[in-house]
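Okay, thanks for making time, everyone.

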Amino acid sequence: MRQWIALSLLCMSALLLPLSASAACESPIKFGALTWESGQFTSGVLKYIAEEGYGCTVEEMPGAGPALETALSQNDIQIIGEQWIGRSPIMENAIEQNKVAVIGDTLKGGATQGWYVPKYVLEENPGLRRYQDLPKYADLFKDPEDPSKSRFMNCPSGWTCEIFNTRLLKNTGLDSIFNNAHPGTGAALDAEIASAFEQHKPLLFYYWQPTGLMAKYDFAALEFPDHKDACWQDLLLADGTSDCVSGFPVSPLGIAASTPFIDTNPELAEVFKKIQFTPDELNGAILEMSESKRSGDEQALVFLRDNPDVWRGWLSEEAATNLATKLGVSLDGTTSIDDTASTMDQSVLSSSFPSWSLETPLNNALSSVVQNYGDVFRTISTVTLTYLLLPIERLLTIIPPWLIIALVAVLAWFGVRKIWFALACGAGLFLIGAFGLWGALIDTLALLIVSVLVTVVIGIPIGIAMSGSKLLRKIVTPVLDVMQTMPSFVYLIPVLMLFGIGKVPALFATVIYALPPLIRLTTLGVTQVNHEMVEAGRSFGSTHLQLLIWIKLPQALPSIMAGINQAVMMSLAMVVLASMIGAPGLGEDVLQSIQTLNIGQGLQAGMAIVIVAIIIDRITQAFGQGKRARQKTIKAGRRPIG
C-alpha cells in the first residue's frame with residue numbers, strides 16, 4: 001500500500017514540476033486597475049500574456065491614479081499597464097529613487113494632447129486656428145455661470161494636466177477672459193463634451209488621445225508654439241514662476257513596473273518591453289470596446305484572438321504556443337475546433353437566460369432628448385442660475401464673514417438656548433475661515449440653501465396631497481422608493497448632459513436625493529393628526545383649507561421639521577458628489593485631496609463639512625421641536641449653572 005502511495009506522489013510531482021518550471025514568475029503579479037479605456041485594454045492584454053502565455057498568477061488592485069502610483073513605488077502592486085511618461089511627479093520621484101521603471105513603448109508615435117474645439121466650430125469660424133485667436137472668438141464660449149466671461153473646460157482637479165492648463169491660461173493672458181472650469185471627474189468631462197457635440201454647440205476644452213471619445217467625434221486642435229521642454233517642466237509646477245508658453249509634448253506611453261518585479265521576472269519584463277500598438281489598432285480597439293460595451297479584459301481577448309500575427313513576435317515560441325492554445329487559435333490566425341466548441345459551450349450557457357437590456361434604448365432616449373430639447377433644459381439652467389443660485393451666492397459673498405458668524409451664533413442660541421453651543425458654532429465657522437475655506441463654504445451654503453428651498457417648495461405640497469389621497473400614495477410611494485435607493489451616481493450623468501456642467505446639475509441631483517424623506521415625513525405628520533381635533537374643527541364649520549392651515553399643519557409641524565432636517569442633512573451629504581460634476585465648494589477640496597493623496601487638505605475640508613453638518617443639524621432639530629418640548633428647552637437654557 002505504501003509503495004502505491006509513494007508511486008502516486010511521484011507521478012503527481014512529475015506532472016506538476018514542468019508546470020512550475022515553465023512559469024516565468026514565482027509570486028502573483030498585482031496589476032493596477034485603471035479607469036480609462038486604453039489603460040483597461042492594455043492591462044487586459046498584459047494580464048492574458050502573463051497568465052496564459054507564461055503561467056503566472058495575476059491579480060488586479062483598484063485605486064485612483066496617485067494611489068496606484070504610490071502603491072507601485074512601494075511594490076504593493078507590480079504593474080500599471082499604461083503610464084504617460086513625464087506627467088506624474090510621484091512617478092518621477094519613484095524613478096529617480098530606482099523604485100520604479102517605465103518600460104516599453106506601447107503606442108507607436110506616442111500620445112497627443114492639447115486644447116480642442118469641435119471641428120464644426122472651426123468650419124463655421126475660419127479665423128479661429130491658434131490659441132492667439134481665442135480672444136476674438138471668446139463670445140462663442142460664454143460661461144453660463146458668469147456671462148461676463150467665457151469658459152475653458154480644464155482637467156478634473158488633481159490631475160497633472162489641470163496644473164499646466166491653469167498655468168497656460170495665466171501665461172497666455174487668457175485667464176482674464178476665460179474662467180477655468182473643472183469638471184470634477186473624467187466622466188463628467190466626457191459627458192459635457194458629448195452633450196456639446198449632440199447639440200452642435202461650441203466648447204473649448206482640453207483633451208488627449210488615444211481615447212474612445214476622440215474616435216467617436218471630430219475634434220480640432222488649436223495651434224500652439226513648438227514644444228519647449230524647459231518651459232514645459234516649469235508649467236508642470238503649480239508654483240512655477242516662468243511666464244513662458246509651450247506647445248504640448250508628444251507623450252510616450254509605457255508600462256510602469258516596480259524595480260523588484262523587473263529584477264525577479266526578467267523574462268516577462270523583456271516581453272513587456274516589446275509590446276506596442278499602432279494608433280489605428282489602439283484607437284480601433286477603444287472604439288470597438290465602447291460601442292460593443294465590453295470590458296477591457298473582454299476587448300483584450302477579442303484583440304488577441306483576431307491578431308495573433310501582432311503578438312506572436314512579442315513572445316517566446318513556447319509562450320506563443322501556450323497562448324494560442326488557450327485562445328483556440330493557430331499562430332497563422334485560424335480558429336481551431338476547440339475554440340469553436342468553447343464558443344458553442346458559452347453560447348449554450350448564456351442561452352439559459354433571454355438577452356434583455358435597457359442600456360441601448362435608454363442611451364438613445366437620452367441622446368434624443370439632448371438633441372431635441374437641449375435648449376429647453378439649458379434655458380431652465382440659465383434661469384435657475386440667474387434668479388436663484390447666483391443672487392444668494394452674491395448675497396453671502398457681500399455679507400462680511402464676522403457678521404455671518406455672529407448671526408449663526410445668535411441663531412444657535414435661540415434654537416438650543418445654550419451659550420456654550422452658540423460660542424462653539426462661532427468658533428467652528430471661524431476655524432473654517434482660518435483653514436482658508438471660507439470661499440468654498442459660501443459656495444456650499446449657496447447650493448445648500450437653494451436646494452433646500454426647492455425641496456421644501458416641491459416636497460411639502462406633495463406630502464400634503466399624499467396624506468389626503470390613497471391612490472396618490474400608491475402611485476408616488478414606489479417613485480420615492482426608487483429615488484431613495486437609486487445610487488446617486490446613476491442620475492448624475494443624465495442631469496449633467498441635460499443641464500450642463502456646474503452648479504445647476506448639482507442642484508437638481510441634490511433635490512432628487514433630498515426629496516423622499518421630506519415627502520414621507522410630511523405625509524406621516526399630517527395623517528397622524530388627532531382625529532378628534534379634526535372632527536372638532538369640522539363641527540365648527542371649518543373648510544378643508546382652514547382645517548389644513550389651522551389644525552393639521554400646526555400639529556404636523558414637528559414631523560415636517562424633522563423632514564426638513566433630513567432634507568438639509570442629505571443635501572449636505574451631496575456636496576462631495578456634486579463636486580464630481582463641477583460644482584464648487586467644500587466637496588471640491590475633498591475630491592481634489594482624494595485624487596492627489598493630499599491627506600491634510602482632505603482632513604481640513606472634511607472637518608469643515610462636519611462642523612457645518614453639526615451646526616445645521618442641531619439648530620434645525622431645536623426649531624423642529626413641538627411646542628411643549630420647545631418650552632422645556634427654553635426653561636433648561638434659563639436654569640442657572642450649578
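So, which residues form a nonpolar patch on the surface? They are Val410, Leu411, Trp413, Phe414, Ile419, Leu423 and Phe623, with about 660 Å² of accessible area together. Before I go on, the caveats: this is a predicted model, local features need pLDDT of at least 70, side-chain atom pairs count only at pLDDT 80 or more, and totals for chains, interfaces and linings use all residues. Residues are numbered from 1 along each chain as its sequence is written, and side-chain values use heavy atoms, with hydrogens and water left out.

A patch here takes residues with over 30% relative accessible area and no salt bridge, joining like charges within 9 Å and nonpolar side chains (Val, Leu, Ile, Met, Phe, Trp, Tyr) within 5 Å. The areas are Shrake-Rupley with a 1.4 Å probe, and for residues only the protein chains shown count as cover.

Where does the patch come from? α18 (401-416) and α19 (419-434) each supply at least two of its residues, and the largest share, four residues, is from α18. Helices (H or I, at least four residues) and strands (E, at least two) are DSSP runs, numbered from the N terminus. Leu423 sits in α19, and with a relative accessible area of 60% it is exposed. For the cut-offs, buried is under 20% relative accessible area, exposed is over 50%, and partly exposed is in between, with a 1.4 Å probe and protein chains only.

Now the overall picture. The protein has 29 helices and eleven strands, and 47% of its 642 residues are buried. Its accessible surface is about 32,100 Å², with 61% of that belonging to carbon and sulfur atoms. If you take contacts (heavy atoms within 4.5 Å) between residues at least 6 apart in sequence, 75% of them join residues at least 24 apart.

Next, helix α7, residues 186-198. Ten of its 13 residues are buried, so the rest of the structure largely encloses this helix. Among the buried ones are Gly186, Leu189, Glu192 and Phe197. The length checks out too: at 1.5 Å a residue (times one less than the number of residues), α7 should span 18 Å, and its end C-alpha atoms are 18 Å apart. Just after α7, His200 takes a positive phi of about 60 degrees.

Last topic, salt bridges, meaning a side-chain nitrogen of Lys or Arg within 4 Å of a carboxyl oxygen of Asp or Glu. How many does a search of the whole structure find? The count is 13.

One of them pairs Glu60 with Lys47, at 3.2 Å, N to O. Glu60 is in strand β2 (residues 58-61) and Lys47 in helix α2 (residues 37-53), so this pair ties together parts 13 residues apart in sequence. Is each end buried or exposed? Lys47 is buried at 8% relative accessible area, while Glu60 is partly exposed at 37%.

Then there's Glu393 with Lys503, at 2.7 Å, N to O. That pair links distant parts of the chain, 110 residues apart: Glu393 is in helix α17 (residues 359-398) and Lys503 in helix α23 (residues 503-527). Glu393 counts as buried at 16%, and Lys503 is buried at 10%.

And finally Arg618 with Asp617, whose closest N and O atoms are 2.6 Å apart. Arg618 is partly exposed at 40%, whereas Asp617 is buried at 12%. Through shared partners, salt bridges also join Lys47, Glu60 and Asp297 into one network.
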